[in-house]
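Dear colleague,

I am handing over the structure below, followed by some notes on what was found in it. Please read the notes with the structure open beside them.

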Amino acid sequence: MSDPNSMSARYTRVMHRMHARISTMARPATGFTSMPEPRTIGLFARGKQLVAGNFLFAGHLVTAPDTSIWDIDVPDEVFGQDLHGFAWMDDLAAVGDPLTRDRAQLWLWRWIDRFGRGRGPGWTPDLTGRRLIRWISHALFLLRARDVDQSDAFYRSLAQQTIFLSRRWHKTLPGLPRFEALTGLIYAGLALEGMGRHVDPARKALDRECRRQVDAQGGIPTRNPEELLEVFTLLTWAATALSEAGRTVSDDHMQAIERIAPTLRTLRHADGGLARFHGGGRGMEGRLDSALAESAIKTRQADGLAMGYARLSAGRTSVIVDASVPPIGESSVNAHASTLAFELTSGRRPVVVNCGSGASFGEEWRRAGRATPSHSTLSLNGLSSARLGELGRGWREEQLVDAPKEVPIQMSQAPDGLRFEGGHDGYGRTHGLTHARTLELTFDGRGMVGEDLLVALDDPAKRKFDRAMDANALQGIPFDMRFHLHPEADAELDMGGAAVSIALKSGELWVFRFDGAAKMSLDPSVFLEKGRLKPRATKQVVLSGVAMEYATRIRWSLSKAHETSVAIRDLNREELDLTH
């Protein structure tokens, strides 16, 4: 994201507004060539909240009953972008009653009155594409019982936005913003009378983006699983719209869909949510199922590497590991220093997680969420495996620098399960140490054994380690291994500090143990989720130690006890209380 105060950003905004105003002089569309069908899925509960005047966007809640959505005080730029993108129309349509429809119609026509002449913050190509998709998808819902003048204003605004998009889509950043802009342009070109000339140029541009942005593994440069889902959803919507209009979907377009679908299945936990890495969340409820169903792609990838992630799954347990170098360059502005971090889910219950993206809670939380200690992996001497550095002139977000350059991995079968082995050199520059991690998941999914190794591999690395030891008065290099737990997991440090019991709401009990020269503690942590007002409190298991030699090894295990163990533990606790 460019600096909003830079000269180039100001120039881009001026040009957007100029083209937006020019587009208002265009000949309006008079109707739809065919009646569009809704593609998007909204949340009923959120639709009811909007009607009640509770506006929750970008981590901010504005309560303003009986107030137009365009009259509320906007807390920040991202909040405003969410308003002008109109994705909230999905939630109102999910309710669909007369009161909610009246509110949706009121807010849409007030947008036309206030911003439809090319003024205001909503005139960027990605927001315009997002807005066009919603307006067209929910046209039946919006036009019901409207008079001729209102319908004319609706079609006129759609045409103006389409023409604006045809002139400015190329000014969006590559990746999700450009996919949104081009999909919106294809939608509008297919649906609106007189706008068909924009379809073929948009199709060709979309084909180019598919070739450039979707790699052979079905991944995208940001390595953000949730962003990959959004790109996949847009591509399936565009393909369906083209097919229904009797247009051929190109090979580049279809091949991108075919590559992404199995990758998303690899990145999906046993509970249906996506792995939360590099700024992504678990994905909107139902979005992944809907997109996979609409794509009609049934292929799967065997457990292994997809978009730089390794997957182990057995029984009802899934483990997903960040097993590649972080995104680089412009793609790293939301990247996390999470190499070799993992998440573990048992059935419908997440157990070990990463803290997640703190972007919606402010800059401090955003930076904290990107750091290695916010992930379930090893951090050395309080450092991250990559540090934040300025992206360059004209940019305000930081990219990751001094990140791991080599992340060799191997997937194989263990005697009683599946094995992941990986390493990274992120601490080589500062301490001469390589972090290696081995994870073995049993065939029944009831247990995982891990081993973490800090090792100086050659003479130059040993000399760096010696210098680091000297700088620390030969007291060793402190390290912490963190295992962040989901907020709904109830964790307790057992008497004596030898194990941590983790009780899930499903009735399962998981037990964490370790072996090696370390100290175990159960510390506070946070769980960062988009759409919430504040971070959720949770806990983390922390193994703390000191690297004194060229090789330091810590072994640990996470195993599932019998489901009745929760009841036995609670009974023992009650008996202990009675004795006191």
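Val 199, Arg 203, Leu 206 and Cys 210 in α10 are in contact with Leu 235, Ala 238 and Leu 242 in α11, where contact means heavy atoms within 4.5 Å, and where helices are DSSP runs of H or I with at least four residues, numbered from the N terminus. Sorted by class, this contact has 6 nonpolar, no polar and 1 charged residues; Ala, Val, Leu, Ile, Met, Phe, Trp, Tyr, Cys and Pro count as nonpolar, Asp, Glu, Lys and Arg as charged, and the others, Gly among them, as polar. The axes of α10 and α11 (residues 225-244) lie 13 Å apart and the two helices pack at an angle of about 145°, the axes being lines fitted to C-alpha atoms over the stretch in contact and the angle running from 0 to 180 degrees between N-to-C directions.

Please bear in mind that this is a predicted model, in which local features need pLDDT of at least 70 and side-chain atom pairs count only at pLDDT 80 or more, while totals for chains, interfaces and linings use all residues. Residues are numbered from 1 along each chain as its sequence is written, and side-chain values use heavy atoms, with hydrogens and water left out.

Turning to charged pairs, the structure holds 26 salt bridges, each defined as a side-chain nitrogen of Lys or Arg within 4 Å of a carboxyl oxygen of Asp or Glu. One of them joins Arg 134 to Asp 90, with the closest N and O atoms 3.2 Å apart; this pair links distant parts of the chain, since Arg 134 belongs to helix α6 (residues 125-137) and Asp 90 to helix α4 (residues 89-95), 44 residues apart. Both Arg 134 and Asp 90 are buried, that is, under 20% relative accessible area, with exposed meaning over 50% and partly exposed in between (1.4 Å probe, protein chains only).

A salt bridge also forms between Arg 178 and Glu 209 (3.3 Å, N to O), and it connects helix α9 (residues 176-191) with α10 (residues 199-213) across 31 residues; Arg 178 and Glu 209 are both buried.

Glu 363 counts as partly exposed because its relative accessibility is 40%, whereas Arg 366 counts as buried because its value is 8%.

Finally, a network of salt bridges links Arg 349, Glu 488, Glu 529, Arg 532 and Arg 536.
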